[in-house]
Amino acid sequence: MLPQVTLRDVLRAVTELLTDEFELFLAVLVLITGVFLGYGITRLLRGLMERIGVPDVVEGTPFERGINRVGLTTVGLVSRLSGLFVVAVAVVLALRLVGLFTAELFVAQLVDYLPNLFIAALVLIVGLILGDKAELATSERLRSVKLPEVTLVPTLVKFSIFYVAFLVALAQLGVMVAALLVLLGAYSFGVFFLGGLAFKDMLSSAAAGVYLLLTEPYTIGDEVGIDGRRGIVQEIDVFVTRIESDGEEHVVPNRHVFQEGIVRVRAE
Amino acid sequence: MSELSDLLGDVVEGVDALLLFSPSGSAYDRFADAELPVVVVAPENTVDATNFVELPVEFPDLRERIRFGVEGAIEQGLVEDDQQLACAAKVFGDDIDSVTRVRTSGFERSGVYNLFVNSRAEPGVIRDVLEVTIELGKKGQKGKQVGALFVVGDAGKVMNKSRPLSYNPFEKSHVHVGDPIVNVMLKEFSRLDGAFVISDSGKIVSAYRYLEPSAEGVDIPKGLGARHMAAGAITRDTNAVAIVLSESDGLVRAFQGGELILELDPEDY
């Protein structure tokens, strides 16, 4: 015969749970809340990302295609990862409450590591997508340049972004990245300093050209003299001014306009 | 059915080269390895053809399209003088559905290829201005017909051979034809009198210009008005190209070197 479960028995069990085994009760509560919260965050993030158009942005990138092949999507991966992170935190918290972790220091450290791991994964995903997107954008910009070697530039941009993302992720995980940072420093020095040196004349022309375009001290059709060359202005762009006289077209860099000044010939 | 094959066979019998207009990849591949020289005429070289003539506008009129292709092929030296050409193009469908035969020597050149490729302004700029004019012709016709005159290229000289009718609305602005904003401004364009001056790179230099070229010796068809006369004259005096939308018959005409080169009906586009 089954023992009769009376209201008193239940009450006593609950009281026992709330007093002697309170920690266990709390742990279970945290665990359940964590699971629900994780699920909720997964749903919320997915909805949010779909609403702001993330699927359209990442569509067609090699990363998205790569994880599509294993049956995932970028949105699904990120939202699930976030949900999983919340659940993992809840599990750890619950286990702590029951007092399982105090002794084993190694596991405790591993657990403290969890947020770093999560952020590193997120940085890596964003970096991969950003790199692919930047490659696409640059190659689109360079489409009118009919030079086979120009395809190297978008690839370079892509791998630069990959490298930086990889570096940030590694630093987040606490790996020593000093050597890689030096490499990055040398690389950006090469690109920016030496590039700036090489493009010095163009940059100063462009700076002068911006002024010329904004204030228009002379316009198309005016007769001017620059550098001792006189003629009618045919075209002004950011880098050069084209002056034409008697079938001769002078292409004058805009920095000359600033260094030498201009003579405007007014019609009498 | 052999009569039908003979009919087509007579058309293509003994041709020296084949002009394919906007072929699909498979259509080109079929002829790519043939002994017959093949020239592709299309807006973009999607099939990686070695002999390629870029078509700046998809002329709906087959005569214009073929004329442009043949002139381009001759100018580029892809075909010789006194040759028989077969031209395959699409007229109604999405695939090539018509074949005609053209003789290069008896071919009357209108200079439509030179208008785009050998003028001072870039071909893309002339195409953009032509598109804007066609659009203006279409839009204007719904309410009231409008006229317009665009002078493209050699802007410095054009500016010195004209004078302002009013304040230049494009002063210190940097609008280029082909910018999306130009399509928005189209309706405003039709209100402005005088000519638009556009530079070699496509910058709209000025509106409200009264052109003052010497009209001596300009030979344009009778019946066209002052706007066309001004357009013809300015292109004779300078190296510019003029594109005119007629107010009376709604046609778009292009002038170069004082001569009428091209005539299009905006309604066809």
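This tour moves through the structure one selection at a time.

The model is predicted: local features need pLDDT of at least 70, side-chain atom pairs count only at pLDDT 80 or more, and totals for chains, interfaces and linings use all residues. Residues are numbered from 1 along each chain as its sequence is written, while chains are lettered from A and ligands numbered from 1 in the order in which they are written.

**Chain A as a whole**

Select chain A, which has eleven helices and five strands. Helices (H or I, at least four residues) and strands (E, at least two) are DSSP runs, numbered from the N terminus. Of the 268 residues in chain A, 18% are buried; a residue is buried if 20 or more other C-beta atoms lie within 10 Å of its own, exposed if 12 or fewer, and partly exposed in between, with C-beta atoms placed from the backbone.

**Helix α2 of chain A**

Select residues 22-51 of chain A, which form helix α2. Its 30 residues reach 42 Å from the first C-alpha to the last, close to the 44 Å expected at 1.5 Å a residue; the expected span is 1.5 Å times one less than the number of residues. Colour Ala27(A), Val30(A), Gly38(A), Thr42(A) and Arg46(A), the buried residues of α2(A). What covers them includes α5 (74-98) of chain A. After α2(A) comes Gly53(A), with a positive phi near 85°.

**Two helix pairs in chain A**

Show α2(A) with α5(A): their axes come within 8 Å and cross at roughly 170°. Axes are lines fitted to C-alpha atoms, for helices over the stretch in contact, and angles run from 0 to 180 degrees between N-to-C directions. The two helices are therefore roughly antiparallel to each other, the word for angles over 145 degrees; those under 35 count as roughly parallel, 65 to 115 as roughly perpendicular and the rest as oblique.

Which residues of α7(A) does α5(A) meet? They are Leu114(A), Phe118(A), Ala121(A), Ile125(A) and Ile129(A). Two residues are in contact if their C-beta atoms, placed from the backbone, lie within 7 Å.

**The largest nonpolar core**

Move to Val151(B), Val152(B), Ile198(B) and Ala242(B), which touch the most other members of the largest nonpolar core, a set of 78 residues. A nonpolar core consists of buried Ala, Val, Leu, Ile, Met, Phe, Trp, Tyr and Cys residues joined through C-beta atoms within 7 Å. Helix α5 (residues 123-142) of chain B gives the most to this core, with seven residues.

**Two positive phi values in chain B**

Select Ser22(B), in the loop between β1 (17-21) and α2 (25-32) of chain B. Ser22(B) is not a glycine, yet its phi is positive, about 45°. Is Ser22(B) buried or exposed? Ser22(B) is buried, with 21 other C-beta atoms within 10 Å.

Then select Tyr208(B) in strand β9 (residues 204-211) of chain B. Tyr208(B), also not a glycine, has a positive phi of about 60°. With 19 C-beta neighbours inside 10 Å, Tyr208(B) counts as partly exposed.

**Where the chains meet**

Finally, display both chains: the contact takes eleven residues from chain B and ten residues from chain A. On the side of chain B that touches chain A, helix α6 (residues 155-160) gives the most, with five residues.
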